[in-house]
Amino acid sequence: MPQAIEHDLDYRDRGLVVVLPEVQGATLQSLPSFLFKVFPKLEARVVRGGGVPIVMGRGIPYSALIGVDGTLLWAGHPSSGGKERDACIEAELKKVATGWGESLAAKKVRAQLYGKQDLAEAKKLIDALPDDPDAERQALQGELAVAHAWRVRAVQALRDEARFVESKQAAQALKKSVAGEPEWETEATQLLADFDAEAMTKELAAAKKVDVVLRAVRGKKVKLDVAERRLRAVAKSAAGTAAGTRAEQLADALAAADKKR
Amino acid sequence: MHVRFVLLLALPSLVVAQAPRRESGPDSARQGPAQVGDKVAEFSFGPMLNGDGRRKLSEFRGQPILIDFWGTH
């Protein structure tokens, strides 16, 4: 777990996704206080339950690396095979940047789609491809559709969790990634415009304050009881907003974490 | 009694022996848990903290995923 958290911090900007499934029955409600107490630096995805269809070892901790194309590349105890695993990660991150595939065309499309995250340019390249017997064009169209769909959904998913700052950033990133593709651009512009509404401005202001406190906790720049008090103050000043409710919940988690010390 | 005990012990190996043979080759998405070198079958992660709404493996295509199983106890 500590190694995976470090990998998340070291490689996330280059495209590595770190997922941490908790497999001993913790609930999503109980996890935040535990994480604040034991792993305050953690920003990676934490999942409740296993259910990953890969070969498993005899217990935990257990780690696995899935490549850019969904291939299981490495599996084992986190402290074993460190160099081999890290070399695999580096090789996969190179693929993110430069693309991959059997043809040069597929490589170029994926470099735009995943490396530059330029969905509009990837679409232009795909549209220019001839219909081929290997259905490469169709496969790339499918990948593009999935990549576009989750980016649109992410804006709402983050908003539903009252993570308004990240939601707005997702909308901005979406707009940038589809620039030049009119239909997608209109949709992204509307998603972004939603953040100009008065109610949303209040949510954003409160969410920014919450994020400041969370950053301080993750950087160990503030004691948990102080962070809790700051979040309670945000919750009070932003009463009636979703961001205020989140601030209260996070304050509760910090209070529980502080009690466990 | 003794015969029943022996049968119970032998049952798991019989089940394994009867399990369908796995096809080899890195490109085939297969039944059962993926081994190193296999494509991992589509699945969804469970409820998630710090996510962005993506749960299905296919939605992470284009990014390597490091999975680290752990426990709170």
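Two strands count as paired when DSSP finds at least two bridges between them. Hello everyone, let's keep that in mind as we go through this one. What we have is a predicted model, where local features need pLDDT of at least 70, side-chain atom pairs count only at pLDDT 80 or more, and totals for chains, interfaces and linings use all residues. Residues are numbered from 1 along each chain as its sequence is written, and chains are lettered from A and ligands numbered from 1 in the order in which they are written.

Let me start with the sheet. Six strands make up an open sheet with mixed pairing, in the order β4(A)-β3(A)-β2(B)-β1(A)-β2(A)-β1(B). Strands here are DSSP runs of E with at least two residues, helices are runs of H or I with at least four, and both are numbered from the N terminus. At the edges stand β4 (72-76) of chain A and β1 of chain B, each with a single partner strand, so one side of each has no neighbour in the sheet.

Now let's walk across it. From β3(A) to β4(A) there are four bridges, and these two strands run antiparallel. Within that pair, A:S63 has A:G76 of β4(A) as its bridge partner. Moving on, β3 of chain A, residues 62-66, is joined to β2(B) by five bridges, antiparallel again. If you'd like a residue pair to click on, A:L65 is bridged to B:L66 in β2(B).

Further along, strand β1 of chain A, residues 17-22, pairs with β2(A) in the parallel sense, over four bridges. There, A:P21 is opposite A:V47 of β2(A). And which residues cover the two sides of β2 of chain A, residues 45-48? A:R45 and A:V47 are on one side, A:V46 and A:R48 on the other, and all of them are buried. Buried means that 20 or more other C-beta atoms lie within 10 Å of the residue's own; 12 or fewer is exposed, in between is partly exposed, and the C-beta atoms are placed from the backbone.

Helix α1 of chain A, residues 2-11, lies across β1 and β3 of chain A together with β2 of chain B, and runs at about 155° to β1(A). For such angles, axes are lines fitted to C-alpha atoms, for helices over the stretch in contact, and the angle goes from 0 to 180 degrees between N-to-C directions.

On to chain B itself. Its secondary structure is one helix and two strands, arranged α-β-β from the N terminus on. Of its 73 residues, 27% count as buried. How many residues does each chain bring to the contact? Chain B gives 38 and chain A gives 64, where residues are in contact if their C-beta atoms, placed from the backbone, lie within 7 Å. On the chain B side, the elements that give two or more residues are β1 (48-49) and β2 (65-69). β2(B) has the largest share, with five residues. Sorted by class, that side of chain B holds 19 nonpolar, twelve polar and seven charged residues. In this scheme Ala, Val, Leu, Ile, Met, Phe, Trp, Tyr, Cys and Pro are nonpolar, Asp, Glu, Lys and Arg are charged, and the others, Gly among them, are polar.

Next, a helix pair in chain A. Helix α10 (residues 224-237) packs against helix α11 (residues 242-259) at an angle of about 160°, with the axes 8 Å apart. That makes α10(A) roughly antiparallel to α11(A), a label for angles over 145 degrees, with under 35 being roughly parallel, 65 to 115 roughly perpendicular and the rest oblique. Among the residues that meet are A:L224, A:L231 and A:V234 in α10(A) and A:L250, A:L254 and A:D258 in α11(A). By class, this contact has eleven nonpolar, one polar and five charged residues.

Finally, some backbone points to look at. Most residues other than glycine have a negative phi, and most peptide bonds are trans. Here, A:I60 and A:P61 are joined by a cis peptide bond, with omega about 0°, and A:P61 is in the loop between β2 and β3 of chain A. A:Q117 has a positive phi, near 55°, and sits in the loop between α4 (104-115) and α5 (119-127) of chain A. A:Q117 counts as partly exposed, because it has 18 C-beta neighbours inside 10 Å. A:K220 also has a positive phi, of about 55°, in the loop between α9 (198-218) and α10 of chain A. With 10 other C-beta atoms within 10 Å, A:K220 is exposed.

Note on methods
Two residues are in contact if their C-beta atoms, placed from the backbone, lie within 7 Å.
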